Structures are given as structure tokens and as C-alpha cells.
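User: Please take a close look at one part of this model, the place where two of its chains meet. Describe it in plain terms for someone who has not seen it before.

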Amino acid sequence: MEDQKPTSILVLDDEPIVCKRLKSALEKRGYEVEIFFRSSDAFKRITERNFDIVITDLKMEGLDGMAFLTEVKKRSPATEVIVITGFATMETAKESFQKGVFDFLAKPFKLGEIQDAVERAEKKIKGNIS
Amino acid sequence: MVNILVSVNPDLASSIAIRYAGQLAHFMEIALQPIHVKEPEQKGSLFGTGWVRHTWEHALAEKGEEEINLLIRTEKPYCPALAAPRVVVGERENEILKELQTGAYDLFMEGILASFDEGDFKKLITSKLYQSAPCPAIVVKNLVPLEKVALLSYVGLEPSKLVDDVSDILRQAKLPLDVIHLVPKKDKKDLEVNEEAHEAQGFDNLVDAIRKKGLDLQKGQVLTGHPKDIADYLSRYGLVVCAVRNALDKKSPIHTVLAFTPSPIFIC
Amino acid sequence: MRILVALDTNRYSQYVVNEVAKLAMNTWADVTLLGVESRKPASNGTQPPRNLPIVRKLQEFREEFLGYFKDESVSPYAIKRWGYELVDRGKGLLEEMCVCKGMKDFRVRIRFGQPTKQILTEAVEEQSDLIVVGCSKGEQCTWEQDRNAPEKIVKAAPCSVLVVKEEKKPTKIVCCLDHDSVSQESLELINQMVTLHQTDLALVGLTESEHLREEVDQKMKQILQYYTAQKIKAWVSVVDVSLLDKFIADTAEKGLIALWMGHKSLIGKFFSQDRVGKLVRSAQSSVLILR
């Protein structure tokens with residue numbers, strides 16, 4: 001019965017346009033999606049529940065995406081994190097990788113690219129369950 | 001309190017000027033009076049006479065007011081010192097000069113986007129408005145952080161005049177001040193930055209004048225190079241102060257430096 | 001981000017590979033190196049034509065590109081997963097093959113046919129976000145089998161195009177705008193270029209007889225607000241269209257010129273397809289066309 005539950009996704013990006021586009025595209029595919037524009041709100045949410053997948057931007061006011069990634073992995077190692085960034089650097093890419101990020105997507109990207117990353121992450125999660 | 005008149009239009013340049021004034025307000029107490037001059041479309045010949053002309057001007061002013069009120073509402077959060085706009089119909093330079101002469105302003109300000117055509121800037125500072133204004137002016141080309149000020153020196157500069165014009169405002173602002181002596185050379189390939197500024201002609205006189213006024217002088221430098229390279233270097237300053245009114249030959253390369261400097265320029 | 005890298009055997013293609021590698025080191029983009037051969041040579045059965053100069057050149061480029069990612073423990077292109085996949089071998093034949101993949105895709109491809117057409121087809125099929133193509137400096141490009149391929153690609157591409165003429169570290173990214181249609185993707189691409197080169201950004205509005213169109217003024221305001229919010233220093237300025245060529249020649253010496261073309265070329269725009277084509281052809285430095 002566990003498998004019947006839709007995969008839960010948290011999206012954190014301070015650009016509302018990105019969040020809204022992702023929410024609508026991912027919900028159409030049957031995912032349960034919650035979006036956050038502020039990292040403090042998203043942080044509060046992950047203390048309340050775990051998500052299967054977290055999609056987070058890196059550059060944000062307050063707690064940045066890297067700190068958020070670290071916190072997510074600490075609280076829920078099984079959660080797969082996909083980093084999206086408009087300001088990619090070699091250092092952030094490597095650091096994300098070392099912190100166990102599932103995928104690292106630099107903007108601009110097509111919706112298909114993130115949908116593909118989400119599908120692969122979901123496959124990995126389900127593989128772990130069975 | 002520094003009393004500023006800012007010329008506004010419903011455009012990007014005016015937004016930049018107002019937001020820059022908002023930054024100035026962090027350093028000194030300011031009152032910012034916006035003025036918008038709605039120019040008649042047929043320049044030179046005012047339409048009609050008597051009540052016809054009056055009604056027509058009134059309609060034009062109302063239209064201008066609508067546009068400017070929207071700008072003021074949008075920009076007010078960035079500059080709370082912004083007063084209600086004054087909208088007048090007439091020839092722009094004349095109307096602004098009239099307001100400056102009657103309104104006891106300490107400073108005139110306007111937003112003008114930096115232009116690749118250096119002639120545009122020369123035209124501006126040799127215009128009737130800039131030549132006859134009773135106070136100094138700031139031409140805001142870009143919204144840059146106001147962290148430090150450059151005071152420009154060059155051969156032939158009258159230091160006391162420059163310092164007299166800016167000292168009150170700079171003393172109130174308490175911003176770090178560098179004196180930059182310019183040696184523009186069109187044939188020089190790389191910019192040379194020399195920290196031994198005291199060797200430059202007239203530099204010591206300027207420094208003395210600055211110190212006498214109690215201003216906070218940080219450092220002095222001599223920049224030797226192509227006017228465009230000097231202008232690029234000056235982009236690190238949040239305000240560039242220069243005495244140019246009635247002081248420079250029209251062909252002076254200092255005009256070129258100022259034309260290409262992207263930072264706001266304080267003209268006195 | 002998906003980058004399509006169109007290569008031939010000219011010297012500038014070397015610069016292209018280096019520039020793309022630097023961008024890929026930051027962005028971990030999916031990268032395809034594409035060579036085009038005009039005619040498919042006769043081959044023996046299923047053996048691919050190995051002796052074509054473009055094939056050898058692409059192999060060299062592949063090694064050079066991967067050479068930028070020597071530390072395999074953090075390379076997005078190091079093989080991390082493998083599995084059997086059905087692969088279309090053409091002529092109605094599917095074959096299950098063992099396919100190795102890195103975290104990101106890195107492909108080397110050769111297409112046969114007319115270069116511009118093949119490059120554009122690849123960009124559409126792979127939904128590329130950016131095409132990077134080399135071009136020689138001067139009036140005439142020397143693309144193999146299709147001399148003005150870069151110019152034609154710029155005119156017809158469905159995405160942004162970086163035309164590389166040399167290797168350099170620009171001191172400023174100078175983005176010119178003549179209309180009010182600016183895509184989110186183009187802004188994001190600029191962000192990556194600014195981050196890569198650690199430079200300031202200049203937004204330039206084109207004027208005609210000192211007049212900046214109201215819609216361009218408003219768009220510049222929005223873009224400036226966007227970059228201010230992103231904490232990127234953006235300088236604004238205007239250039240009269242009569243001085244555009246001089247401006248580009250002057251600016252390109254140290255900066256990277258980027259022209260916003262939008263998705264469609266509108267009548268009356270300063271950057272008509274022909275004008276951009278000419279700029280791409282004659283520019284002495286690299287040009288980024290934003291869509």
C-alpha cells in the first residue's frame with residue numbers, strides 16, 4: 001500500500017515563476033508538490049515531515065540552498081535532493097556532489113530535464129524500498 | 001538638510017535618480033522635490049491664447065500628473081523623502097531654471113542614462129540649464145552603491161571653487177573621499193595608476209583646500225590613460241565630483257572622461 | 001542545461017571546446033559534440049567511417065573536453081551507472097546494448113548532410129538550450145562545406161547561440177536590447193555567463209535619434225530590477241543605432257557582446273536577422289545571441 005502514495009516533492013526557489021512552473025508540471029504527472037519561496041518556511045516544513053524528493057535553488061536570502069541541502073540530508077538521508085541553480089560554479093557543483101545531491105541542474109533548463117531527474121530519483125527511491 | 005530638486009519623467013532614468021537620492025538620504029537629511037515639465041508637442045509655439053490656451057495647458061498638466069504620480073507611488077518606498085510632484089507645462093530648461101532660482105535648492109538632480117555618444121554629455125553640461133543653474137547638479141547615470149566619492153582634479157582646476165561648492169554636502173555625507181588627478185592621453189594603451197599623487201601639478205593645493213574644509217580625505221591617485229579607461233576605473237565610485245561648469249574648454253578630454261564614466265557625476 | 005557544440009576541423013573549433021569545457025565545469029551541462037560531414041561515405045556493412053578527418057578531430061576534442069574533468073570522483077561525466085537499453089540501429093533494427101552513463105550526458109555525434117540543417121535539426125531534436133559554434137574572424141567564415149554556417153545558425157536557431165571567435169576572458173558582458181521580448185531562459189543564460197567570467201553586466205538600450213522606445217525603457221527597468229534582486233551589478237546605458245557598429249567594435253575588444261533577438265525577428269527591430277547575420281560575420285570577437 002505504501003507504493004500507492006504519490007511521491008512527495010518539496011520545491012524551494014525564491015523565483016515564484018520557477019516554483020509555479022514546476023508545481024504545475026509535476027502535479028500533472030501525479031506528484032504531490034509543495035512549493036516555498038523562502039528557505040526559512042521550507043526549513044520549518046522539513047522539520048514537520050519528510051519528503052521523498054527535494055528540489056532546491058542554491059542562491060537565496062537567509063539560509064542558502066547548500067545549507068538547506070545539508071539539513072535535508074541530515075534529517076532524512078533517504079530524501080533525494082535535486083539542486084537547481086542560476087549561478088553555477090565549480091565549487092558549488094562539487095560541494096553539492098560531495099553532500100550527496102542526486103542531480104545538479106543549471107538554469108536554463110527545459111521542464112523535461114527536471115521531470116527526467118525526478119523520474120530517476122523516484123526510481124532510485126522505489127528501488128531502495130523493494 | 002539638503003534641499004534637492006529632481007527632474008522626473010515616467011522612465012527608467014528617473015527611477016534610477018530617485019532611488020539614488022534614496023541612498024543619499026542614508027547619509028544626510030534631504031528634502032526631494034520632484035518636478036515634471038510637460039513640453040507642448042509643437043515646441044516653440046504655444047497653442048492658442050486666453051482661456052483656450054489655459055484649458056489646453058491644464059489638460060496637458062493633468063496628463064503629465066497622472067504619469068508622474070504613478071512613478072512617484074512606485075518609487076516612494078525607495079525614497080521616503082520624495083515629496084508630491086510639481087507638474088508644469090512649458091519649455092523644460094526654462095521651467096526648471098525658474099524653479100531652481102525661486103526655490104532655494106541646494107542641489108539639482110536628474111537621471112540620464114549613460115550614452116555611447118560622448119557628444120550627448122557635452123551637450124548636456126554646456127546646456128543653458130547646467131551653465132546657469134544657481135546650484136550644483138548630480139547627473140545620475142546608474143544606480144550604484146554610494147560607498148565612496150572621487151573628487152577629480154586636473155591641470156588648470158581652480159581648487160577653492162570646487163571645494164567651496166561641494167564641501168557642505170560632502171561634510172554632511174561623511175563619505176570616504178579620494179582625490180583623483182586625471183591625465184587623459186588618447187594614445188595610451190594601458191591605464192597607469194600612480195599612488196604618488198602629490199607629484200601632480202596643483203594636487204597639493206586641492207588637498208589643502210579639502211583639509212581646510214574638514215573633509216575626510218582617504219587617498220590620492222594619478223590616473224594616466226585613455227579617457228575611456230579612466231572612465232572605467234571611476235566606475236568603482238558611487239559619486240564622481242568634478243568642476244566643469246565654465247571651467248573647461250569644450251574640447252577638453254576631461255569631458256570625454258565624464259561622458260564615459262558610468263557612475264553618478266556631481267557637477268559644479 | 002543542454003549544450004550543443006557544433007564543430008569542424010578549423011582552429012576556432014579548438015577555442016569552442018575550451019570555452020564549452022569551462023562553462024560545463026560550472027554548470028554540469030549535458031553536452032553533445034557534433035560534427036557534420038556533407039556526404040556519407042560508402043562503408044563496409046555496419047562499420048562506421050573511421051578515417052574521416054572530422055571523426056578523428058572529434059575524438060581529439062572528446063579527450064580534450066574530458067581532460068578538464070580529470071578528478072573522476074567529482075566529474076559529472078565519469079561513468080556512474082550502466083545498464084541494458086534498446087538502441088535503434090536504423091533500418092528497422094533494435095538492439096539491446098549495454099549503455100554506460102555519467103551523472104550528466106556527454107555525447108559525440110556525427111551527422112551527414114548540409115551542416116546548418118543538421119546542426120539545427122540536432123538542436124531541435126535534443127531541445128538544446130545553447131548552441132556553441134566557432135567562426136573565423138573577418139568578413140568570411142570558413143566553415144567546412146557551408147562557409148556561412150554560423151550566420152545561418154544564428155538566424156534560424158530555436159535557442160541562444162554563442163559564436164566563438166577566440167578564447168578570452170571578457171571583462172564585461174554587454175547585453176543589447178532593441179525590443180521588449182526577453183525570455184526567462186536568456187536571463188538565466190546571462191547569469192551563468194556572468195558567474196563564469198566573474199564580470200559586471202551592462203544593459204544597453206538601442207535608441208533612434210536619441211529616442212529610447214517606451215517599451216524598451218520599461219523592459220530595461222524590469223531587467224535591472226531582476227538583476228538588482230539577484231545582487232548582480234548591472235550598468236545601464238544607451239547607444240544610438242547609427243553608432244551600433246562602432247559600439248560593438250569598441251566593446252568587443254574587452255567585453256562579450258550579447259544581442260537579445262527574441263524568438264521572432266520583428267519588422268522594424270534594429271536587430272533584424274540580416275543585421276545580426278552581418279554582425280556575426282564581421283565581428284572581431286565572440287558574440288552571444290540570446291533567445
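Analyst: Between chain B and chain C there are seven residue pairs in polar contact, with both residues at pLDDT 80 or more (N or O atoms within 3.5 Å, one able to donate a hydrogen and the other to accept it; residues adjacent in sequence count only through two side-chain atoms). On the side of chain B that touches chain C, helix H1 (12-27), helix H2 (50-75), strand S5 (114-115), helix H4 (118-125) and helix H8 (227-234) each supply at least two residues (helices are DSSP runs of H or I with at least four residues, strands runs of E with at least two, numbered from the N terminus). H1(B) gives the most, four residues. Sorted by class, this side of chain B holds nine nonpolar, five polar and ten charged residues (Asp, Glu, Lys and Arg are charged; Ala, Val, Leu, Ile, Met, Phe, Trp, Tyr, Cys and Pro are nonpolar; the others, Gly among them, are polar).

The model is predicted: local features need pLDDT of at least 70 and side-chain atom pairs 80 or more, while totals for chains, interfaces and linings use all residues. Residues are numbered from 1 along each chain as its sequence is written, chains are lettered from A and ligands numbered from 1 in the order written, and side-chain values use heavy atoms, without hydrogens and water.

In total, 24 residues of chain B are in contact with 21 residues of chain C (heavy atoms within 4.5 Å). The two chains bury about 1600 Å² between them, 60% of it on carbon and sulfur atoms (accessible area, 1.4 Å probe, lost on being put together and summed over both parts). Of the area that chain B buries here, Leu12(B), Leu113(B) and Phe116(B) supply 37%, more than any other three residues.

Three salt bridges join chain B and chain C (a side-chain nitrogen of Lys or Arg within 4 Å of a carboxyl oxygen of Asp or Glu). One of them links Asp229(B) to Lys254(C), with the closest N and O atoms 3.3 Å apart.

Chain A and chain C bury about 2500 Å² between them, 53% of it on carbon and sulfur atoms. In chain A, Phe87(A), Phe97(A) and Pro108(A) lose the most area, together 27% of what that side buries. Here too the salt bridges number three, including one between Lys231(C) and Glu61(A), with the closest N and O atoms 2.6 Å apart. The count of residue pairs in polar contact between chain A and chain C is 16, both residues at pLDDT 80 or more.
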